[in-house]
There are 4 protein chains.
Amino acid sequence: MLKIGIIGYGYWGPNLVRNFSEIPNAKVTMVSDLNPARLSLLKIKHPSVTTTTDHDELINSPDVDAVCIATPVSTHFNIAIKALKAGKHVLVEKPITSTAEDASRLIDEAAKRNLTLMVDHTFIYTGAVKKMRELVVKGVLGDIYYYDSTRVNLGLFQHDVSVIWDLAVHDLSIMEYVINKKPLAVSTTGISHVPGKPENIAFLTIYSESNIISHINVSWVAPVKVRLTLLGGNLKMIVYNDLEPSEKIKVYDNGITLKNSPESVYQTLIGYRTGDMWAPRLEVTEALKDLAIHFVDCVQKSKKPVTDGEMGLRIVKLLEAATTSIAGRGRLVELT
Amino acid sequence: MLKIGIIGYGYWGPNLVRNFSEIPNAKVTMVSDLNPARLSLLKIKHPSVTTTTDHDELINSPDVDAVCIATPVSTHFNIAIKALKAGKHVLVEKPITSTAEDASRLIDEAAKRNLTLMVDHTFIYTGAVKKMRELVVKGVLGDIYYYDSTRVNLGLFQHDVSVIWDLAVHDLSIMEYVINKKPLAVSTTGISHVPGKPENIAFLTIYSESNIISHINVSWVAPVKVRLTLLGGNLKMIVYNDLEPSEKIKVYDNGITLKNSPESVYQTLIGYRTGDMWAPRLEVTEALKDLAIHFVDCVQKSKKPVTDGEMGLRIVKLLEAATTSIAGRGRLVELT
Amino acid sequence: MLKIGIIGYGYWGPNLVRNFSEIPNAKVTMVSDLNPARLSLLKIKHPSVTTTTDHDELINSPDVDAVCIATPVSTHFNIAIKALKAGKHVLVEKPITSTAEDASRLIDEAAKRNLTLMVDHTFIYTGAVKKMRELVVKGVLGDIYYYDSTRVNLGLFQHDVSVIWDLAVHDLSIMEYVINKKPLAVSTTGISHVPGKPENIAFLTIYSESNIISHINVSWVAPVKVRLTLLGGNLKMIVYNDLEPSEKIKVYDNGITLKNSPESVYQTLIGYRTGDMWAPRLEVTEALKDLAIHFVDCVQKSKKPVTDGEMGLRIVKLLEAATTSIAGRGRLVELT
Amino acid sequence: MLKIGIIGYGYWGPNLVRNFSEIPNAKVTMVSDLNPARLSLLKIKHPSVTTTTDHDELINSPDVDAVCIATPVSTHFNIAIKALKAGKHVLVEKPITSTAEDASRLIDEAAKRNLTLMVDHTFIYTGAVKKMRELVVKGVLGDIYYYDSTRVNLGLFQHDVSVIWDLAVHDLSIMEYVINKKPLAVSTTGISHVPGKPENIAFLTIYSESNIISHINVSWVAPVKVRLTLLGGNLKMIVYNDLEPSEKIKVYDNGITLKNSPESVYQTLIGYRTGDMWAPRLEVTEALKDLAIHFVDCVQKSKKPVTDGEMGLRIVKLLEAATTSIAGRGRLVELT
């Protein structure tokens with residue numbers, strides 16, 4: 001039975017508490033939050049959990065084997081490094097840290113102590129993303145051409161990070177996991193409509209090896225919610241609409257074919273092919289539940305998590321490059 | 001009765017012939033195409049129209065007052081300048097020319113001879129785009145924040161121009177007409193998946209005065225057709241879905257509001273507001289018919305067309321800047 | 001503080017417990033279920049609630065002022081009559097009882113004892129249905145022509161009642177509340193695809209006063225979930241799609257107009273008119289919470305509930321008529 | 001080369017002229033209409049076609065081998081019987097005649113003279129309906145449970161026939177062709193909202209052999225256009241949405257399974273199964289073109305048309321039964 005302590009009981013913390021409470025081999029023993037009112041709320045639903053406003057107390061408690069960190073990004077490193085130094089396994093909200101340097105230090109610390117370090121890139125554990133990865137790995141799509149995602153909605157401005165760190169981070173993790181190709185350079189544009197605040201709209205282009213282009217459109221000021229990803233290969237293409245209640249993934253038997261038409265300069269040279277569409281049935285387990293089970297499993301069997309610190313670091317490097325690029329209004333930033 | 005000659009009877013030419021045949025005060029007298037088979041096809045439907053494979057014959061015919069040019073972009077300038085020099089009014093397909101310099105020369109020639117020079121930016125004459133313009137001009141949307149458009153589908157690769165000159169040109173004209181603010185700089189990324197061919201995917205960002213950002217996502221390799229534009233202001237926001245049979249324009253009474261929440265660092269600082277949605281009834285006239293009527297009207301009354309040569313030139317300057325930027329992988333190109 | 005006892009902790013019971021726990025002036029004190037395992041589950045989430053497998057104990061407990069009944073329909077009457085006789089207010093799941101006669105007896109018993117008797121027709125408390133009622137009452141739709149609803153999905157066969165008593169009951173309550181006209185006669189058709197089981201598909205037509213027709217299409221064997229209601233008047237018409245996350249209600253400024261076309265026998269005689277569409281913002285409170293608040297309010301202030309026993313009785317009369325009609329394969333059953 | 005004469009150049013006639021003009025082995029030689037203005041319009045587009053306001057002239061012309069009848073239903077019989085007696089093959093708009101008796105007489109006359117008699121049930125020639133038939137015939141759906149169709153929109157009241165004869169006729173032909181089971185009885189309800197006019201809303205239930213139920217919901221007073229058909233079998237189910245630009249047919253790998261749950265009276269007895277969804281690519285030929293080719297082929301090779309007079313008769317029998325039933329407000333009418 002893995003004893004779990006959760007730091008931060010704001011928006012995401014309750015989801016962590018609920019899921020870790022419902023899975024086998026784990027138990028939420030302690031929760032900390034700076035706000036005592038939040039902790040009272042927790043107590044009503046989970047009277048047996050110990051609470052504290054001091055996360056150091058949680059980190060150092062013998063009743064905690066693993067720490068989940070659901071606090072603002074800027075605090076991730078300090079809390080995580082303490083937890084690792086106290087010998088605790090760590091699951092940290094996305095993105096892992098505010099800087100790549102900090103992420104590296106966490107990775108080193110965890111490695112040195114043989115502790116599990118995992119990042120909560122939740123989308124990786126959804127049935128839809130796992131199915132896309134499976135189709136790519138099996139070669140069903142052929143050579144990948146592009147990943148193009150729109151993730152926009154109204155509201156929930158964050159005052160400390162831009163929309164890149166809040167929303168694009170999801171697509172960067174999905175892209176990394178599904179495409180699985182080394183990103184080479186980033187060009188990002190965007191804008192802030194509130195003076196002195198970080199960007200609320202951003203457009204990222206990532207050039208990856210094998211002539212793959214990825215594009216991510218994120219916004220906090222869209223009138224409607226859109227979660228639409230196109231993933232194109234030369235054999236098949238996918239439309240992933242996360243707002244569909246079912247049929248989130250549609251696989252189109254479409255593709256590009258060469259077509260010679262020497263007789264006319266007005267005609268196209270390259271043709272296309274359209275065929276059936278297929279919507280595979282997807283796993284319906286809540287992604288966070290799968291993630292929680294995976295974390296416990298990794299800790300107990302010393303396995304490498306799918307969304308490990310290294311993956312978290314790669315995402316942060318992309319976020320840093322995008323942030324540099326947006327300041328240069330689209331200036332290309334090479335990844336090293 | 002304005003006598004119309006149409007050069008090019010490929011994909012778009014038949015639409016021009018049909019529309020100019022059906023409106024008052026105009027008459028299609030002559031059509032030219034390099035391909036005699038195309039002209040035979042025309043003859044079946046329009047036996048009274050004179051045909052020729054030599055567009056010079058059409059340009060110099062006394063039976064032609066105005067010339068419509070529906071040929072590949074690279075030929076626009078040479079044909080149009082001849083027509084103007086022959087004293088003919090000119091309606092030319094979008095984009096007006098391959099270079100801004102050529103566009104300027106056409107504008108000068110038309111001005112010198114008091115001839116009408118108009119560009120067929122068809123979307124400007126749709127009920128949906130006219131309604132958006134009207135709502136922006138009336139101030140219904142408040143301060144404009146952004147124009148964000150996705151225009152992707154499968155196929156019809158062009159071998160001489162990139163997807164920017166084929167598809168983004170539509171959004172540049174809509175953006176110019178609806179937003180009506182001076183563009184300042186362009187950053188564009190994209191890729192070609194066919195060796196030696198122009199880009200088949202491109203992402204344009206245009207920074208305009210008044211802190212407005214525009215973004216255009218165009219592709220010839222998408223599994224599904226998308227024509228979706230979001231237009232955001234601080235008072236209201238529009239979703240324009242050109243594939244909706246009706247309800248193409250939806251106006252959301254949404255907006256951004258400032259919200260202080262000093263009590264918690266976890267809470268958002270800026271709020272949002274959601275209200276009713278409203279889909280105004282739109283004119284259902286075919287846009288090209290409106291455009292044809294407008295062209296005849298401008299010629300006969302010496303009026304300035306909405307989509308005149310100057311507008312065509314501004315669009316070509318944006319296309320040139322985007323083409324320069326894409327070669328520099330997102331390098332910012334300032335507009336002068 | 002109204003002390004609430006809930007009988008039945010299966011599918012719907014947990015929702016009642018949650019909602020009555022979260023509102024002011026009420027408190028869930030006791031829950032009964034035949035299945036001890038269900039009660040153990042409750043205890044984990046609500047340790048302070050008393051549990052029992054004997055609902056008589058709950059009914060007779062001095063710690064219970066009002067009883068909510070969430071058991072199979074066939075048991076409603078026996079439980080409810082006991083509760084009323086024990087002096088408890090009653091909230092009962094829809095439909096109120098299996099027979100109109102039983103419903104009348106509950107109404108009489110409640111009246112005699114000045115107790116509140118309310119039926120959980122939850123849809124009546126949704127923002128969408130309240131908005132439709134408001135628009136009809138204000139005369140925005142003009143004369144009502146029809147109510148036409150499709151409520152189909154896959155699965156959840158009930159072994160004791162037909163799809164009419166399970167799904168059509170929702171539409172009958174919405175129709176009754178929104179249209180507010182006396183139903184005169186019912187014709188119902190349907191079928192069972194499982195030998196010996198009640199109908200899993202049914203189509204109800206209800207003729208009401210003022211020349212209004214209602215139609216309800218319900219099924220447990222549809223491949224997709226549909227919740228679509230059209231409500232037509234001579235001035236405006238509504239599309240109510242309960243599966244839309246927002247914009248559940250769309251009001252169309254459409255209508256019928258007389259148009260004489262004496263010149264041709266081929267032409268239509270009656271025209272139509274299309275205008276704007278408008279999607280009013282709806283209340284987003286959970287309907288069951290509103291219902292719970294209303295129940296407590298009615299008990300404490302001796303008010304007549306919107307969904308009182310009389311309404312429950314009228315719905316049961318319609319269900320009985322539909323059941324008689326379906327057995328006669330569409331035979332018209334007059335309502336008295 | 002089959003010489004085609006077309007009687008009636010109103011709404012549908014132009015489509016017949018266009019399609020018969022474009023196919024091989026046929027030629028439109030003559031068109032009649034009572035309205036000379038309609039004929040002038042035809043002359044502009046088709047100058048070589050002979051026109052007349054007297055359909056007898058067309059029927060008796062040696063320049064006509066086959067007659068297409070696109071006039072109001074009430075005139076079908078008189079025109080068709082004359083054409084057959086004049087030795088002409090006949091293609092008649094749906095429904096074949098106003099009465100079953102008249103249809104029988106046409107069938108007999110055509111048989112006696114070895115002439116082709118075909119009905120223009122256009123939907124039977126669409127890629128979507130052909131695919132549904134194919135899937136049913138191959139047994140992909142298993143045992144058919146139901147056919148459930150909604151076909152509603154605003155407007156185009158007909159003054160001489162009810163919405164049943166105008167819209168339900170499409171579904172009756174699709175149902176007949178796809179399901180291919182003998183209908184046994186009909187119950188129909190409906191209403192007229194214009195005094196003295198036939199029904200503008202109707203709901204048909206058809207009981208067929210093999211325990212299949214069909215339901216058809218038709219209306220001229222719906223705010224939006226709906227063309228949605230559900231076709232359910234025990235192995236798979238189809239959603240046919242004719243308004244989808246592509247993906248008109250979606251095949252769901254869903255079905256019903258028996259599930260015993262003896263432990264609880266609250267649980268369901270029958271389960272369901274959900275799997276992948278698949279949208280087969282459909283033929284994109286215009287249905288009317290396929291129909292025209294089929295008609296010419298049947299005439300030239302003395303083949304029996306898919307939509308022959310017998311099928312037309314079966315549909316009219318259903319229409320008559322539905323009309324009788326609606327007058328009896330749902331009274332069951334057995335088919336003999």
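**A helix pair in chain A**

In this predicted model, α7(A) and α9(A) lie oblique to each other. The reason is the crossing angle. Two packed helices are described by the angle between their axes and the distance between the axes. Here the axes of helix α7 (residues 163-179) and helix α9 (residues 309-327) of chain A come within 10 Å and cross at roughly 130 degrees. Angles of 65 to 115 count as roughly perpendicular and those over 145 as roughly antiparallel, so this pair is oblique. The crossing of α7(A) past α9(A) is right-handed.

Which residues make the contact? From α7(A) come A:I164, A:W165, A:A168, A:V169, A:L172, A:S173 and A:E176. From α9(A) come A:M311, A:R314, A:I315, A:L318, A:L319, A:A322 and A:T323. By class, this contact has 10 nonpolar, 2 polar and 2 charged residues.

Now step back to the whole chain. Chain A has 9 helices and 17 strands. Its radius of gyration is 22 Å, close to the 20 Å from the globule rule for 336 residues, so chain A is as compact as a globular protein of that length. The C-alpha trace spans about 80 × 45 × 40 Å along its principal axes. Of the 336 residues in chain A, 54% are buried. Among contacts between residues at least 6 apart in sequence, 66% join residues at least 24 apart.

Turn to chain C. C:Y177 sits in helix α7 (residues 163-179) of that chain. C:Y177 and C:K130 are 47 residues apart in sequence, yet 8.9 Å apart in space, C-alpha to C-alpha.

Notes: Residues numbered from 1 in each chain as written. Chains lettered and ligands numbered in written order. Predicted model: local features only at pLDDT ≥ 70, side-chain atom pairs only at ≥ 80, totals over all residues. Helix = DSSP H or I, 4+ residues; strand = E, 2+ residues; numbered from the N terminus. Axes fitted to C-alpha atoms, helices over the stretch in contact; angles between N-to-C directions. Parallel < 35°, antiparallel > 145°, perpendicular 65-115°, else oblique. Left-handed = near helix turned anticlockwise from the far one by under 90°. Contact = placed C-beta atoms within 7 Å. Nonpolar A, V, L, I, M, F, W, Y, C, P; charged D, E, K, R; others polar. Rg over C-alpha atoms; globule rule 2.2 N^0.38 Å. Buried ≥ 20, exposed ≤ 12 C-beta atoms within 10 Å, placed from the backbone.
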